[in-house]
Amino acid sequence: MRRPGLRTRVAAGFTAGAFALSTSMAALSYGFTSQALMAGRERSALRSAYLDAGVVHAGLATEPPDISAVLSTLNTGNTRRALLRRESRWYARAADAGMTDAIPPGLQRLVEQGKVGMQRVRTDSGPAVVVGVPLPSETGFYVIDSMHELDQTLRTLALVLTLVAAGTTAAGAGLGWNLTRRVLRPLDTVTAAAREITAGDLGARLDPATEPDLERLTTSFNEMVDRLADRMERDRRFAADVSHELRSPLQTLSAAASVLDRHRPRLDDRAATAVTLLSDEVVRFQRLVTDLLELARDDQAAQRTPVQVADLAREECQARGLPAEVVQVVDGSPAVWSIDRRRFSQILSNLLDNAERYGGGPCAVRLSQTPGAFVLEVDDEGPGVRPEDRTAIFDRFVRGRAASARGASDGTGLGLALVARHASAHGGHATVVDRPGGGARFRVELGGTNP
């Protein structure tokens with residue numbers, strides 16, 4: 001699984017912190033509040049039970065006592081139920097009949113021992129608290145005080161605290177995401193500059209004044225790019241100077257090889273073979289010097305002009321003895337591309353050379369367009385390119401498995417590097433994938449739109 005990015009991890013940390021804090025605060029708030037409300041409610045129930053017990057005690061002092069009449073004088077409202085147990089017999093008002101099952105046996109035993117007791121219970125109408133008060137003559141007075149309203153209040157409080165915790169968590173997540181965007185914005189600038197440098201723009205730099213806290217990073221980055229640009233410029237000049245100096249000796253060698261080649265019929269077999277090898281190597285050497293000079297040129301933007309790209313591709317293919325039907329124009333693709341004609345011609349020529357040397361020959365040249373880019377694809381019928389080589393083969397003097405397997409020695413190892421260079425000059429790139437059915441498919445995207 002792909003590891004989450006730094007921004008995601010930081011935002012997740014803020015979210016987890018906000019969730020833990022809000023949840024703990026909500027739990028503590030609910031606990032303290034519920035305990036305080038419950039304790040207050042129990043004290044109120046106990047006071048009311050004592051008052052009602054005094055009224056009942058006074059009523060039982062008459063002879064003979066009318067217990068039902070005494071209980072009916074109690075002002076218990078709709079939330080309390082009064083019951084009396086005397087001589088193992090229960091007494092209650094008509095509205096309170098059937099509530100004796102709500103009196104816990106343990107509480108009854110406590111009252112029978114002459115002690116005041118209180119216990120929370122759950123009745124058919126909801127939670128309640130039962131208060132038992134002992135009276136003379138083995139009489140126990142019980143009050144069932146409903147806590148339904150308090151239970152509803154606590155439920156509402158729990159819901160509110162849950163919503164607050166959820167809102168706090170969401171706010172923490174949003175705050176973390178926005179803060180990471182602001183904190184990581186300088187890194188986005190560094191990333192953008194690095195991408196520009198990777199694309200060939202060695203003039204990309206970072207402004208130290210933008211983020212004073214990252215001045216050391218930006219300064220080091222700019223120094224690194226300066227050194228890289230200087231190194232590449234020295235390499236370019238060295239390659240250009242060496243290639244230029246080699247051209248004159250190569251012309252002399254080529255002329256001498258041409259003279260020897262014309263006199264080859266007069267030579268013995270061994271000398272004739274040596275002349276053939278010499279001529280082939282001189283031609284290869286000339287191609288290598290030409291490619292080095294091309295790579296050593298300044299990285300200038302492509303000189304775009306309207307080009308009938310299909311006609312140009314067919315001419316290039318026919319010059320190599322390939323049928324014109326090899327070139328395929330995808331439906332909907334424009335006939336005219338705004339590109340650098342010279343660079344495109346060399347891209348196609350190098351890809352065709354690569355297919356002929358290492359891929360068993362080109363089998364299709366496809367022209368199409370995607371949003372913002374022109375696309376050239378060249379298919380071959382060779383063994384393909386291994387995944388680990390698909391990036392390296394576009395570097396200088398790098399050959400893939402096919403070249404090594406075939407023992408090819410006439411290539412310079414610069415053809416695909418030139419393809420990548422010309423694609424980059426168009427604001428695009430070159431890649432290679434497996435062709436359906438076998439072989440390789442080289443894909444070159446050239447940034448641009450219709451002229």
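**Close-up views of a predicted model**

**View 1. Helix H7 crosses helix H8.** In this predicted model, H7 passes H8 in a right-handed crossing. Helix H7 covers residues 309–319, and its axis lies 10 Å from that of H8, at an angle of about 40°. That angle makes H7 oblique to H8. On the H7 side, look for Val309, Leu312, Ala313, Glu315, Glu316 and Cys317; on the H8 side, the partners are Arg341, Phe344, Ser345, Leu348, Ser349 and Leu352. By type, the residues of this contact divide into seven nonpolar, two polar and three charged.

**View 2. Helix H8 packs with helix H10.** Here we stay with H8 (residues 341–358) and turn to H10 (residues 415–425). Their axes are 9 Å apart and form an angle of about 150°. Because angles over 145 degrees count as roughly antiparallel, H8 is roughly antiparallel to H10. The crossing of these two helices is left-handed.

**View 3. Serine 22 and its polar contacts.** Serine 22 sits in helix H1, which spans residues 6–60. Its relative accessibility is 8%, so serine 22 counts as buried. Which backbone oxygens does the side chain of serine 22 reach? One belongs to phenylalanine 19, at 3.2 Å. Another is the backbone oxygen of alanine 165, which the serine 22 side chain reaches at 3.3 Å. If you set aside neighbours within four places in sequence, serine 22 is in contact with Ala165, Thr168 and Thr169.

View 4. Is valine 143 buried or exposed? With a relative accessibility of 1%, valine 143 counts as buried, because the cut-off for that class is under 20%. Alanine 82 is 61 residues away along the chain, yet its C-alpha atom and that of valine 143 are separated by 4.6 Å. Not counting residues up to four places away in sequence, valine 143 touches Ala49, Asp52, Arg80, Arg81, Val129, Val130 and Val131.

How values were computed. Residues numbered from 1 in each chain as written. Predicted model: local features only at pLDDT ≥ 70, side-chain atom pairs only at ≥ 80, totals over all residues. Heavy atoms only, no water. Axes fitted to C-alpha atoms, helices over the stretch in contact; angles between N-to-C directions. Helix = DSSP H or I, 4+ residues; strand = E, 2+ residues; numbered from the N terminus. Parallel < 35°, antiparallel > 145°, perpendicular 65-115°, else oblique. Left-handed = near helix turned anticlockwise from the far one by under 90°. Buried < 20%, exposed > 50% of the residue type's maximum accessible area, 1.4 Å probe, protein only. Polar contact = N/O pair within 3.5 Å; in protein donor to acceptor, adjacent residues only side chain to side chain. Contact = heavy atoms within 4.5 Å. Nonpolar A, V, L, I, M, F, W, Y, C, P; charged D, E, K, R; others polar.
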